[in-house]
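Me: Hi! I've got a model open and would like to talk it through with you. Can we start with one of the helices?

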Amino acid sequence: MRMNHATLLCLPALVLPLAAQDASPAETETLVKEAIAFAKANGKEAAVKEITKTGGKFHRHGGELYVFIYDMDGKVVAHGQGASKIGVNQMNAKDPDGVEFVKERIKLAKAKGKGWHDYQYVNPTTQKKQPKTSYIEVWDNLIFGAGIYKK
């Protein structure tokens, strides 16, 4: 296809809707794998710092997609929603429907080492409860994960 100036002027209109799309499951899984690779290459401390840093390389889609790390006892090691969550034990945390989603996450991590799980969560950009699914993967006895909201 030969492009002229009119064709090139139309291209941004074609690209913008794609940029505004929600995160995909594939992107979510890739983000978790990137965080693990970063931790392997730079150490856990550097990974915790980068994951927790607002607007860092592990934050996407305006902060809706971010990485978190839990230990196998439910304690937050790093969290894309901020440093205030670090060190907090979330083992008994419940979603808005009363589901102990961190226990489910740990159960999945211990049984399979990786996978997806569903729960409810308050979306930080809309402040509304939404169904969410998270991909988790275990590395060095830590649970790395990221989640996306379902529509």
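Me: Which residues of α3 are buried?
Reply: In this predicted model, the buried residues of α3 are Ala47, Val48, Glu50, Ile51 and Thr52. Buried means under 20% relative accessible area, exposed means over 50%, and partly exposed is in between, with a 1.4 Å probe and protein chains only. Helices (H or I, at least four residues) and strands (E, at least two) are DSSP runs, numbered from the N terminus.

Me: And what covers the buried residues of α3?
Reply: The cover includes α2, β1, β2, β3 (76-79) and β6.

Me: Before we go on, what should I know about numbering and cut-offs here?
Reply: Residues are numbered from 1 along each chain as its sequence is written, and side-chain values use heavy atoms, with hydrogens and water left out. As the model is predicted, local features need pLDDT of at least 70 and side-chain atom pairs count only at pLDDT 80 or more, while totals for chains, interfaces and linings use all residues.

Me: Thanks! How many helices and strands are there in the protein?
Reply: The protein has 4 helices and 6 strands. Along the sequence they follow the pattern α-α-α-β-β-β-α-β-β-β. Of its 151 residues, 40% count as buried.

Me: What about contacts between residues at least 24 apart?
Reply: Taking contacts between residues at least 6 apart in sequence, 48% join residues at least 24 apart. Contact means heavy atoms within 4.5 Å.

Me: Let's switch to Met72. Where is Met72 found, and is Met72 buried or exposed?
Reply: Met72 sits in the loop between β2 and β3. Its relative accessibility is 11%, so Met72 counts as buried.

Me: Which residues is Met72 in contact with?
Reply: Neighbours within four places in sequence aside, Met72 is in contact with Met91, Ile106, Ala109, Lys110, Val138, Asn141 and Ile143. As for Lys103, its C-alpha atom is separated from that of Met72 by 9.4 Å, and the two residues are 31 apart along the chain.

Me: Now salt bridges. How many are there by the rule?
Reply: The count comes to 7 salt bridges. The rule asks for a side-chain nitrogen of Lys or Arg within 4 Å of a carboxyl oxygen of Asp or Glu.

Me: Which side chain does Arg60 meet in a salt bridge?
Reply: Arg60 meets Glu34, at 3.1 Å from N to O. Arg60 belongs to strand β1 (residues 59-60) and Glu34 to helix α2 (residues 25-42), so this pair links distant parts of the chain, 26 residues apart. Arg60 is partly exposed, with a relative accessible area of 26%, and Glu34 is partly exposed at 35%.

Me: And what does Lys44 meet?
Reply: The side chain of Lys44 meets that of Asp140 at 2.7 Å, N to O. Lys44 lies in helix α3 (residues 44-52) and Asp140 in the loop between β5 and β6 (142-149), so the pair ties together parts 96 residues apart in sequence. Lys44 is partly exposed at 40% relative accessibility, and Asp140 is partly exposed at 43%.

Me: What about Asp118?
Reply: Asp118 forms a salt bridge with Lys150 (3.3 Å, N to O). Asp118 is in strand β4 and Lys150 in the segment after β6, 32 residues apart. Asp118 has a relative accessible area of 45% and is partly exposed; Lys150 is partly exposed too, at 34%.

Me: Since β4 came up, how many bridges join β4 to β5?
Reply: The two strands run antiparallel and 9 bridges join them, with β5 covering residues 129-139. Strands pair if DSSP finds at least two bridges between them. Tyr121 has Gln130 in β5 as its bridge partner. This hairpin has 6 residues between the strands, and Gln127 takes a positive phi near 60°.

Me: Last topic: how many cavities of 30 Å³ or more does a search find?Reply: The search of the whole structure finds 1. On a 1 Å grid over the protein atoms alone, a cavity is a set of points where a 1.4 Å probe fits but cannot get out, and lining residues have an atom within 4 Å of a point. The largest cavity holds about 50 Å³ of space, where a volume is the space filled by probe spheres set on grid points joined across faces, edges and corners.

Me: Which residues line the largest cavity?
Reply: Its lining is made up of Tyr66, Phe68, Tyr70, His79, Phe101, Arg105, Tyr119, Tyr121 and Lys132. The elements giving two or more residues to this lining are β2 (65-71), α4 (101-112) and β4 (114-122), and β2 supplies the largest share, 3 residues.

Note on methods:
On a 1 Å grid over the protein atoms alone, a cavity is a set of points where a 1.4 Å probe fits but cannot get out, and a pocket is an open set with protein on both sides within 12 Å along at least five of seven lines; lining residues have an atom within 4 Å of a point.
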